Amino acid sequence: MPNDPGARGEYEFVTEWELRAPIEAVWNVIKNTAEWPTWWRGVQSVTEVTKGNSDGLGSISEITWRSHLPYRLRFHVEVTRITYLKSLEGHATGELEGTGQWFFKHQNGLTSVLYVWKVRTNKLWMRQLDFLLRPAFRWNHDKVMQWGYEGLAHKLS
């Protein structure tokens, strides 16, 4: 996990979504990683590697992302913490390594979702060109997350 989000190849991304939907509906769609390719443009595939317990804790999925820029990323995510309707946490290994955390709140008919992704790229070319491409990588991440928001809002409507 990155210690200095700004060091070569290390990033910290923070995304906020607000949806007019019940928290349970938002939670269920985000928690069901296997279905992401059906609504989240950018998620090319999700393959379950390890099942985990009845809540999904300990499950491991291989996720392949395609982005707006011409590259793909593939990594495994292990679900490491679940607090029902409050937070999900996973640890990524592979072409990206780090921690992703989803936080959920509901107030006045709106569900707020906060996603914090602290990650390091393990692709050599991405680390070597980080000094030049960092703004493009940030823009690309934001674009993929925008696709996620749009797909989720459509799915929940």
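**Helix crossing, core and loops**

Biologist: Is the crossing of α1 and α4 right-handed or left-handed?

Modeller: The crossing of α1 and α4 is right-handed; a crossing has this name if the near helix is turned clockwise from the far one by less than a right angle, and is left-handed if anticlockwise. This is a predicted model, in which local features need pLDDT of at least 70, side-chain atom pairs count only at pLDDT 80 or more, and totals for chains, interfaces and linings use all residues. Residues are numbered from 1 along each chain as its sequence is written, and side-chain values use heavy atoms, without hydrogens and water.

Biologist: Why is α1 called oblique to α4?

Modeller: The axes of α1 (residues 23-31) and α4 (residues 130-156) come within 11 Å and cross at roughly 125°. Angles under 35 degrees count as roughly parallel, over 145 as roughly antiparallel, 65 to 115 as roughly perpendicular, and the rest as oblique. Therefore α1 is oblique to α4. Helices are DSSP runs of H or I with at least four residues, strands are runs of E with at least two, and both are numbered from the N terminus. Axes are lines fitted to C-alpha atoms, for helices over the stretch in contact, and angles run from 0 to 180 degrees between N-to-C directions.

Biologist: Which residues of α1 and α4 meet?

Modeller: A25, V26, V29 and I30 in α1 meet L152, K155 and L156 in α4, where contact means heavy atoms within 4.5 Å.

Biologist: Why does I30 count as buried?

Modeller: Buried means under 20% relative accessible area, exposed over 50%, and partly exposed in between (1.4 Å probe, protein chains only). I30 has 2% relative accessibility, and therefore counts as buried. Leaving aside neighbours within four places in sequence, I30 is in contact with residues including W17, W36, F104 and L152.

Biologist: How many residues has the largest nonpolar core?

Modeller: The largest nonpolar core has 37 residues, and I30 and F104 are among those with the most contacts inside it. Such a core is a set of buried Ala, Val, Leu, Ile, Met, Phe, Trp, Tyr and Cys residues joined through side-chain atoms within 4.5 Å.

Biologist: Is L85 buried or exposed?

Modeller: L85 lies in the loop between β4 (72-83) and β5 (87-94), and has a positive phi of about 60° although it is not a glycine. Its relative accessibility is 17%, so L85 counts as buried.

Biologist: What makes N108 exposed?

Modeller: N108 has a relative accessible area of 67%, and is therefore exposed. N108 is in the loop between β6 (96-107) and β7 (110-121).
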